[in-house]
Amino acid sequence: MNIGKNSVVTIDYTLKDDDGELIDTSSGGDPLVYLHGIGALIPGMESALEGKKTGDIFQIVVSPDQGYGEYDEDDVMEIELTAFEDPSQVQVGMELVLETEEDGEFAAVVTQVGDGVAIVDRNHPLAGMTLHFDVVVRDVREATPEEIDHGHVH
């Protein structure tokens, strides 16, 4: 069976950056299992998997526009430490869920702390990066009606 809309797909993958540095891998852990065709993966990866079948081994190179988007300097903001419940606990690397009237809730990471402010970055950690995947398709099957209805694999 070839990968297509409403297929349940099981893959092993290794993700590296342009310099060949390891970012993520399923090696040594559970494979990635997803429902194809509903946007569960980044667009460049999902389109490259379309039509593949069990046993296929290949590489995918995903540009930022087909991955996590370009890095946007406008998504880096300064927040007064007094806006935090306990300013003494704000640290570089801290992951936050923030809310504004115009944007609603969004995830951000603290990148700097000092002089009464925290610099937070709303960009995805992989934004602006070209992603290099090594992929092995382990299994492809038809999704059950329940999986299609629920929008995820059971």
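Modeller: Leaving out neighbours within four places in sequence, N123 is in contact (heavy atoms within 4.5 Å) with E70, Y71, D72, D75 and V76. This is a predicted model, where local features need pLDDT of at least 70, side-chain atom pairs count only at pLDDT 80 or more, and totals for chains, interfaces and linings use all residues. Residues are numbered from 1 along each chain as its sequence is written, and side-chain values use heavy atoms, with hydrogens and water left out.

Biologist: Why does N123 count as buried?

Modeller: Its relative accessibility is 10%, and buried means under 20%, exposed over 50%, partly exposed in between (1.4 Å probe, protein chains only). So N123 is buried.

Biologist: What joins the side chains of E50 and H36?

Modeller: A polar contact of 2.7 Å. The term asks for N or O atoms within 3.5 Å, one able to donate a hydrogen and the other to accept it within protein; residues adjacent in sequence count only if both atoms are side-chain atoms. E50 also touches I3, G4 and K5, among others.

Biologist: Which residues have the most contacts inside the largest nonpolar core?

Modeller: M45, L49, I60, F133 and V135, in a core of 19 residues. Such a core is a set of buried Ala, Val, Leu, Ile, Met, Phe, Trp, Tyr and Cys residues joined through side-chain atoms within 4.5 Å. A second, separate core of 11 residues includes I79, L81, L98 and A108.
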